[in-house]
Amino acid sequence: MGHLITVATSLNQWALDFQGNYERIIASIRIARERGATLRVGPELEIPGYGCLDHFIEGDTILHSWEILGNILENEAARNIVCDVGMPVNHKNVTYNCRVIIHNGKILLIRPKMWLANDGNYRELRYFTPWMKHRQTEDHYLPRIIQSTTGQTKVPFGDAVVSTADTCIGVELCEELFTPASPHILMGLDGVEIFTNSSGSHHELRKLYTRVELIKEATLKRNLAIQLGGVYLYANQQGCDGDRLYYDGCAMIALNGQIIAQGSQFSLDDVEVVSATIDIEDVRSHRSIKSRAMQAAGAERYKRIEVPMALSGDTADLMPDLKVTKPIEVRYHVPEEEIALGPACWLWDYLRRSRTQGFFIPLSGGIDSCATATIVYSMCRLVSEAALRGDKQVIADGRRIAGEPNESIWLPTDPRDLAGRIFHTCYMGTENSSVETRRRAKMLSEAIGAYHIDLNMDTVVVAVRNLFSFVTGVKPQFKTQGGTEAENLALQNIQASMSCPDLSTSYLADCRAKSDDPESLRGYLTKYDCSSADINPIGAISKTDLKKFIAWSRDAFDLPILDDFLTAVPTAELEPITETYVQSDEADMGMTYDELSVFGRLRKVEKCGPYSMYTKLLHEWGTTLSPTHVIAEKVKKFFFEYARNRHKMTTLTPSYHAESYSPDDNRFDLRPFLYPSRFPYQFAKIDKLAAVVPDRSNVSASEKTKLFALANVTLAFARVKRGGPLISIPTGTIDPSTWASDDTSATVIPEVTSFPASIYVATTIGPVASVAVATENPELSSNSGPGETHKLGLAVALPVVLLCAAFFIGVLFLRRARARRAARHTQNNWIARVAQGWVPDSKEGPPAYTDEPSSVVDFNAANPMSPISPLPKTHQRKQSIV
């Protein structure tokens, strides 16, 4: 038996922090030696830091990397252990991303990366060149500073393996594991038994599953006739090294397709070492299949660099206390935990390395600022847990950030106490703000211990409005007060842009809590409002995931106030609240957050333009939605709004990268900012296809009659007063005999989820709008779309049902009065205007209305991707005035 101890590390390296990176590398080597390890593997480009970006092109970066490598070679900690270290190397005037294998002050091999990561967040081809001479090596002449240290003039450079007295080691770099023909396959057939992988892999929600499966598959093929076998050491960077990415560590060691050691995915530790004791004979017995042996016999050979040492000790068999590491169950975090932990660790690294003194967040009382504040509270919890464990670095950083003197003995062990010192929140209200949002903001800040300020900024807003009126002679009005669309939009933008807390953020990092992924795609933000902060931890997280995170945090962090945020209507509160109108985010956008998540994935992940997105949605939604009136209009509306607001993405706050459909303009989602926003060719092609595609929506006439009998209401809208929301339902009369079986669509009204009752979905059948009220009856209450059905409270349900019955009787009566054609004609015109987006004013009569088409949906859908869409208002909030 040949036992050996191997080590994979996770280091919290920082781009261009050469001294700090050197100290963390040496610390990991010392820990490895203390555990008796004979092989140590570190993360990719660990000497300069992976996130140097264009600094890799500078000669200084390569020079300083050689200097740090020389210090490692001279350090006694690096003796009697094989170390795999990462740095850039210039070979024959070409820069490569390399691993340098060292032992006892000598360089054994420089192995350049052969397949570079050049998708999504990665631009390695911008800085490096892949090594194209597979299974070949050349002589690399060392710089003089290294020659004087090692006594070597030249060393092997290229694709080779390292052979010890008892085994053979092969090297992979990050992306090479993700390629179809990974190097470990051919190396394994040539007798390599230990594979190392040094990675700079960033965190994305649910990504760890893919990474673990690839590592397991690297040493276990599903086809039992091909048993590769082997030991796989995976080392990854951990933390924020100065960019939008968070590297989530999770160093692992696998043996013959089973994970035997795993590090933490989210941690505040600067150095984490994962070790395992392995019997190398297990690899050899695993490779006993004859078909594997036949392939190995004909495999091309790698050049072997010999090192005069054995990884397993001579007396290993005589050590009864040395036990082989057994397989373990891989630990996964649910996505809600990932949101709580990943951005929190990223925020801590930003806070301590930027040497600021805390975070400032304007709390609006909405879900976005709530999620951001909860993430900061999660960061405080992580810091407190590390302090309780005695982490000296975390304690020192916590004291400095909190403003404690050097001789202080204060410990950041209470998360609420820490939050009170470094976390400041503010409610910046106006005359349009409600009591509810102000209350929620205050209660949340108290629950997490933040220092909170409640203020009104009407003086500033009014001053700007008065200045504009003085200069132009025009006094802008909100639309509800008779103003135009342009005036309505401008007044909202004034309030939003005035919420930039520039003075407060002179000492604190502004952690802005708006403009998450769906809203950015839609352009539903004010330029230089949400984009004026320092960092944004939720910028690439969908609203759906955010809500799940809030629900999880409510229980995990014991914050019952979060329930109020989950049930509140998303609203910007930038327009006056009247007896007949309250602003709703989804109504303003003309689409739901669930729809935006679908659009975002198709646009980025599945690489769809307008036409291909429409064809895909025909299959996803075509059985429940009209291909002409619904799907086509939704796709066109999304791309129109996305295109005309694209310029806003160029100014967005740097945000934590959490999803593969992130719209981050910096380097992940590179697009023009000037589009032909009406896409004339693409939209015409969509219209042409929609005209010939049969309508397969599955709503029968009988189902329409049932729904009509339940709720014959023309329109439902929320009436919110400052003391709390109330529900108002104007009446109407509809003749079901006028329904056309091939003209079915639906429109969602804003849900009033903060009240015990909520109106669920309004169906548009022909030219008439009616409302379906969610009840206990599953046949009459849809739960098929991404939106959630909210049951009506008993106190509201009874009068609504009575009202519906009265309407039904009225319809029967009106059917007998068909001779009154003029009255019916007037009524139908009024109802048609309602269906197109006009909100009636009962006092002043019907005003003018626009021709903006309604967004439509079928609430009887069984497809889980079927959307539930709010009725688009004619006032699209916060769009750029072109």
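The protein chain holds 27 helices and 25 strands, where helices (H or I, at least four residues) and strands (E, at least two) are DSSP runs numbered from the N terminus. This is a predicted model, in which local features need pLDDT of at least 70 and side-chain atom pairs count only at pLDDT 80 or more, while totals for chains, interfaces and linings use all residues. Residues are numbered from 1 along each chain as its sequence is written, and side-chain values use heavy atoms, with hydrogens and water left out.

**Whole chain**

- Of the 882 residues, 58% count as buried, meaning under 20% relative accessible area with a 1.4 Å probe, protein chains only.
- Among contacts (heavy atoms within 4.5 Å) between residues at least 6 apart in sequence, 73% join residues at least 24 apart.
- The accessible surface, from the Shrake-Rupley method with a 1.4 Å probe, comes to about 35,300 Å², and 55% of that belongs to carbon and sulfur atoms.

**Helix α7**

- In α7 (residues 208-218), the residues Leu208, Arg211, Val212, Ile215 and Ala218 are buried.
- Seen down the axis of α7, these buried residues fall within an arc of 125°, taken from the directions from the helix axis to the C-beta atoms, so they line one face of the helix.
- The cover over the buried residues of α7 includes the helices α5 (175-178) and α6 (183-189), together with the strands β11 (231-239), β12 (247-248), β13 (252-255) and β14 (258-262).

**Gly105**

- Gly105 lies in the loop between β4 (94-103) and β5 (106-112), and Gly105 is buried, with a relative accessible area of 11%.
- Leaving aside residues up to four places away in sequence, Gly105 touches Leu73, Arg79 and Thr150.
- The C-alpha atoms of Gly105 and Ile72 are separated by 8.3 Å, although the two residues are 33 residues apart along the chain.

Conventions
Buried < 20%, exposed > 50% of the residue type's maximum accessible area, 1.4 Å probe, protein only.
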